[in-house]
Every structure is written in C-alpha cells, then in structure tokens.
Amino acid sequence: MVLGSRWLVEGAVAFARHLGVSELIVGLTIVAAGTSLPEVVTSIIAAARGERDIAVGNVVGSNIFNILGVLGITSIVAPGGIAVSSAVIGFDLPVMIAVALVCLPIFFTGGTISRTEGFLLLAYYAVYTAYLILAASQHDALPRFSAVMLEFVIPITALTLGALVLREMRSKRSPGRRGRTGPKD
C-alpha cells in the first residue's frame, strides 16, 4: 500500500508538471477520484444489493474520516504542519461547505436521493472539475463560465432546493399525505 501510494503521488506530481497545471488541481481531480474508486465500487455494490444505508454510510463516513482523520494525522506527521493554499481557502473550501449544505435538503426530502438528484450531483462535480481546468489553464471562457454559474446555476439551485424543502414540509403537515417514499423517476 505504501508503494502504491508513493507511485500515485509521484505519478500525479509528474503528470501535473507535464501538463503545466498545479499539483492542487491534480490532487482535487485525478488523485481524489483514484483514491475514491474503492468507495464508489463498494457503494454501487451495496446499493445494488439493497443495502442503501451501507452505501450512504460509506460515502459520508469516508469523507468525514478523510477530512478529520487523514488531514489530522498528516498535519501531525508533516514537519511544520500542512500549508493550506489561498486557492483552497478562497474557492475549494467554500465549495465543499456549499456541497454539504446542498445535500441537506436532499436528505430532508423523504430520505431518498433520486436518480435525478444523483445526476444533478454528478453534473455539479463535472462543473466543478471544468472550473478547475479552466482556471488552471487561464482559459478565455472562464469569465463567462463563472458568470453563468453565479447568475444562473447557483440561484436556480437554491430556488429548487428551497422548493423541495417547502414541499416536503407541507406534505408532512398535511395529515392525509406523506413525503415521497422512493425515487419518482
């Protein structure tokens, strides 16, 4: 495992240098996806077998452990701690917090993440990755991309999530109706 980890890190650093992008970008995309593949497979198998609590617990538990356990241990072991770049503090950390907040209404709406919501979450990851690539390459499309995100996608998402929460709250107050019990699509 140590040898595999070393190869992954050295390969990611070499890949980043070869492409001329920051190691942070490679860490946030390729390395993060590569280290998450076992969790993806575990969650898919659990969900396919009807063990959805295992699937959700695996993802949530893994993220909590990665943030608190892995980051905590590595900062203890690393001489001088781990420096956090201004890019992480200014963009990636707020995105991580926003994603956690986006997930809350989904969990309130009947305790089920529908296929549509799953596609939406996957699309948001694709948009986040696209932003990282555009920003790293200082592409001409970055200002338009950012403007569309800020002026259209984020407000529409907030309104949609708000509507979902209101609908769920109303359905719980109505005595003859229940919240949704499963995926509707």
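Predicted model: local features only at pLDDT ≥ 70, side-chain atom pairs only at ≥ 80, totals over all residues.
The protein chain has six helices and zero strands, where helices (H or I, at least four residues) and strands (E, at least two) are DSSP runs numbered from the N terminus. Residues are numbered from 1 along each chain as its sequence is written. Local features need pLDDT of at least 70, side-chain atom pairs count only at pLDDT 80 or more, and totals for chains, interfaces and linings use all residues, while side-chain values use heavy atoms, without hydrogens or water.

**Confidence**
- Mean pLDDT (the predictor's confidence in each residue, from 0 to 100) is 79 for the protein chain, and 89% of its residues reach 70 or more.
- Confidence is lowest in helix α1 (residues 2–19), at a mean of 76, and highest in α3, at 86.

**Chain**
- Of the 185 residues of the protein chain, 22% count as buried (under 20% relative accessible area; exposed is over 50%, partly exposed in between; 1.4 Å probe, protein chains only).

**Helix α3**
- Helix α3 (residues 52–77) has 26 residues and reaches 36 Å from its first C-alpha to its last.
- That is close to the 38 Å expected at 1.5 Å a residue (1.5 Å times one less than the number of residues).
- A kink of about 35 degrees is centred on N66 (the angle between axes fitted to the seven residues ending there and the seven starting there).
- A55, S62 and G69 are buried in α3.
- The cover over the buried residues of α3 includes α2 (23–48).

**Residue D92**
- D92 lies in helix α4 (residues 86–108).
- D92 is buried, at a relative accessible area of 10%.
- Leaving out residues up to four places away in sequence, D92 touches L24, L28, A87, Y128 and L132 (heavy atoms within 4.5 Å).
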